[in-house]
Each structure stands twice: as C-alpha cells, then as structure tokens.
Amino acid sequence: MNEKGFTLVEMLIVLFIISILLLITIPNVTKHNQTIQKKGCEGLQNMIKAQMTAYELDHEGQTPSLADLQSEGYVKKDAVCPNGKHIIISGGEVKVEH
C-alpha cells in the first residue's frame, strides 16, 4: 500500500510552527489596536474642535456646547471614541471623559 498523506510527526511540526507564529503576531496586533484607538480618539477630538470653530463663525463667536453642535448638525449624535469614552466640551475645550 502506497498511501499519500501527512504523518503524525509532520502534522505536529506544522502545528508547532503555526503556534510559534501566533505567539509572535498576537502581541503586536493588540499593541497596534491600542494605538489605533488612541489615534481615533485624537482625530475625533480634532474634528469636534474644527466643528466648534465653524459653529463660532456661523453664530457670531458664541461658544457651543456639545448639544448645540449635535442639534445643529455639526456633530453626529454619538461623540464616542473607539475605546468607548465619550467626548465632552468643558470651558470651551474638547476633552475625553475619564
């Protein structure tokens, strides 16, 4: 009988190599995911700051609240960072809720 296929030793070697590759790549993916979330939150803050400036130009320098920006259509209803934290406007500054 001349059957073609993988032996148990070959399969174990392949599984060992795959597990090593996973151990190498998973920490890098999670590290980059945190960076992406941070950058996404910073980008959202900058966008809301720009929309505040546009609101101030349209409303003769009046400083808006987040509710003003949302009701006027400058910002979507959900001002939430990718990490789940909410954006707030306090004292004319855009901040991330702690």
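Where is the place of Leu44? I looked it up, and Leu44 sits in helix H1. I keep in mind that this is a predicted model.

**Entry: confidence**

I checked the confidence before anything else. The mean pLDDT of the chain is 87. I also noted that 98% of the residues reach 70 or more. Confidence is highest in H1, at 90. It is lowest in E1, at a mean of 87. A reminder to myself: where pLDDT is low, predicted coordinates should not be read in detail.

**Entry: Leu44**

Is Leu44 buried or exposed? I found a relative accessible area of 17%. The cut-off for buried is under 20%, so Leu44 counts as buried. Next I listed its contacts, leaving aside neighbours within four places in sequence. Leu44 touches Ala79, Val80, Cys81 and Ile87. I also took one distance, from Leu44 to Gln70. Their C-alpha atoms are separated by 14 Å, and the two residues are 26 apart along the chain.

**Entry: helix H1**

I then followed the helix that holds Leu44. H1 runs over 8-58 and has 51 residues. From its first C-alpha to its last it reaches 72 Å. That is close to the 75 Å expected at 1.5 Å a residue.

Which residues in H1 are buried? I wrote down Cys41, Leu44, Gln45, Ile48, Met52 and Tyr55. The buried residues of H1 pack against H2, E1 and strand E2 (93-96). Just after H1 I came to Glu60, which takes a positive phi of about 55°.

**Entry: the disulfide**

How many disulfides does the count come to? I got one. It is formed by Cys41 and Cys81, with their sulfur atoms 1.9 Å apart. In general, a disulfide is a covalent bond between the sulfur atoms of two cysteines. The angle about the S-S bond is 55°, and the link of Cys41 and Cys81 is right-handed.

I asked what this link joins. Cys41 lies in helix H1, and Cys81 lies in the loop between H2 and E1. The pair therefore ties together parts that are 40 residues apart in sequence. I checked both ends for burial. Cys41 is buried, at 6% relative accessibility. Cys81 is buried too, with a relative accessible area of 4%. Cys81 was already in my notes as one of the contacts of Leu44.

**Entry: the aromatic pair**

I searched the whole structure for aromatic pairs and found one. Its rings belong to Tyr55 and Tyr74. The ring centres are 5.4 Å apart, and the planes stand at 70°. Why is the pair edge-to-face? Planes over 60 degrees apart count as edge-to-face, and the planes of Tyr55 and Tyr74 are at 70°.

Tyr55 is in helix H1, while Tyr74 is in the loop between helix H2 (66-71) and strand E1 (87-90). So this pair ties together parts that are 19 residues apart in sequence. Tyr55 is buried, with a relative accessible area of 4%. Tyr74 is buried as well, at 16%.

**Entry: Phe6**

Last, I looked before the helix. Phe6 lies in the segment before H1. Is Phe6 buried or exposed? Its relative accessibility is 66%, so I put Phe6 down as exposed. I then turned to the UniProt record, an unreviewed entry. Its annotation "modified residue: N-methylphenylalanine" covers Phe6.

Notes: Residues numbered from 1 in each chain as written. Predicted model: local features only at pLDDT ≥ 70, side-chain atom pairs only at ≥ 80, totals over all residues. Heavy atoms only, no water. UniProt positions renumbered as here; feature names shortened; annotations may be inferred. Helix = DSSP H or I, 4+ residues; strand = E, 2+ residues; numbered from the N terminus. Buried < 20%, exposed > 50% of the residue type's maximum accessible area, 1.4 Å probe, protein only. Phe/Tyr/Trp six-rings, centres within 6.5 Å; stacked < 30°, edge-to-face > 60°. Disulfide = S-S within 2.5 Å. Expected span 1.5 Å × (residues − 1). Contact = heavy atoms within 4.5 Å. pLDDT = per-residue confidence, 0-100.
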